[in-house]
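Please read the following dialogue alongside the structure.

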Amino acid sequence: MAASGGALWRRRAAALSRAARSVCGRAAGAERLAGRLRARRREEEEEEKEKKQREVPGNPARRRARELAALQRVHPNVLARVLKQGAVYQDEEVVVLNKPYGLPVHGGPGIKNCVTDVLPILAKMLENMRSETLHLCHRLDKETTGVMVLARSKEAADRIRLLFKTRQVEKIYWAISVGHPNPAEGIVEIPMVEKEVQSHQPHYKMTLAPNYRLSPEDGKVLKTRKNRSAESAVTRYRVLASSSACSLLELQPITGVKHQIRVHLAYGLGCPILGDHKYSHWNKLAPQKLPEITLRRLKLEQSKARHLPLHLHAHRLSLPLGASGGKWIDLVCEPPVFFHRTLRKLELDIDKN
């Protein structure tokens with residue numbers, strides 16, 4: 001009986017073991033199937049995402065806007081290669097790039113790619129690099145294109161930053177403005193301050209904080225109380241060409257206040273930069289309103305004006321280099337293709353003016 005009972009117990013144990021293995025096998029199989037389904041779903045989502053990115057929008061202005069924002073989606077290695085290809089000058093102290101449109105200098109919420117993040121990768125691609133990364137010497141706004149100076153060492157970066165701070169760097173920008181400044185050449189010297197705009201979409205903007213105002217009673221010039229937060233801002237400007245209710249301007253910011261050129265043109269001269277949707281209005285965030293002749297020349301509908309990029313380009317930079325400052329360099333970057341295309345459409349021919 002004991003032997004028979006032992007055999008029965010062993011048979012039951014074996015049956016339970018087979019049942020357990022079967023259950024485990026089914027569970028493992030289900031988990032593998034679920035894993036394959038999840039992987040397939042991810043692949044389909046990636047394919048759909050890539051398909052949407054490849055799709056060409058029907059509207060040309062929107063298509064160009066997406067093309068200009070493409071660097072926000074590429075791999076950091078690809079971005080570093082693009083920046084290397086855009087290098088216009090290199091020596092033992094600096095590397096000078098022609099910064100593309102739509103590329104932020106610093107990171108932040110919602111920003112996938114920025115210049116700062118890829119500096120270590122870019123350094124590895126350059127010859128004669130002794131340090132592990134490059135160093136920023138100044139900054140440009142995300143929408144501004146043109147000359148950007150990077151230093152090969154921290155010591156060189158500190159020297160160049162001091163040059164910018166002490167206004168020993170000559171900066172020349174090009175911009176296409178909506179409207180014609182009057183007079184055609186001059187200096188805008190109006191302090192600036194950042195203020196909150198109270199509207200249905202509260203937001204912050206830089207604005208003018210003038211030291212003088214006109215009396216509404218007799219038109220006399222009155223000195224106003226100085227805003228303690230205001231910063232001194234000086235911009236020299238000159239009209240290079242005018243056509244189609246727009247102008248091509250050469251601009252020299254003497255000071256370096258945030259959004260200085262944009263605010264001085266929009267609020268000081270009443271001629272905002274083409275594509276500057278932020279500073280074309282004060283009390284709202286809305287697409288820039290363009291004259292009929294400008295829309296016609298650009299072959300653009302007003303409803304699509306929001307896709308126009310900011311036409312502001314850092315054209316030239318002149319500064320002394322070396323520990324003793326004895327080496328003076330003059331750096332020039334050609335405007336991007338979209339800037340040249342707009343000049344052509346608006347018939348803003350520099351040579352004829």
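**Reading contacts, core and strands**

Q: Which residues is Y204 in contact with, leaving aside its neighbours within four places in sequence?

A: Contact means heavy atoms within 4.5 Å. With those neighbours left aside, Y204 is in contact with E194, K195, E196 and K278. This is a predicted model, in which local features need pLDDT of at least 70, side-chain atom pairs count only at pLDDT 80 or more, and totals for chains, interfaces and linings use all residues. Residues are numbered from 1 along each chain as its sequence is written, and side-chain values use heavy atoms, with hydrogens and water left out.

Q: Is Y204 buried, exposed or partly exposed?

A: Buried means under 20% relative accessible area, exposed over 50%, and partly exposed in between (1.4 Å probe, protein chains only). Y204 has a relative accessible area of 48%, so Y204 is partly exposed.

Q: Which residues have the most contacts inside the largest nonpolar core?

A: A nonpolar core is a set of buried Ala, Val, Leu, Ile, Met, Phe, Trp, Tyr and Cys residues joined through side-chain atoms within 4.5 Å. Here the largest has 43 residues, and L122, L134, L150 and L251 have the most contacts inside it. Helix α4 (residues 115-125) gives the most to this core, with five residues; helices are DSSP runs of H or I, at least four residues, and strands are runs of E, at least two, numbered from the N terminus.

Q: How many bridges join β11 to strand β12?

A: Two strands pair if DSSP finds at least two bridges between them. Eight bridges join β11 to β12 (residues 246-253), and the two run antiparallel. A241 has L248 in β12 as its bridge partner.
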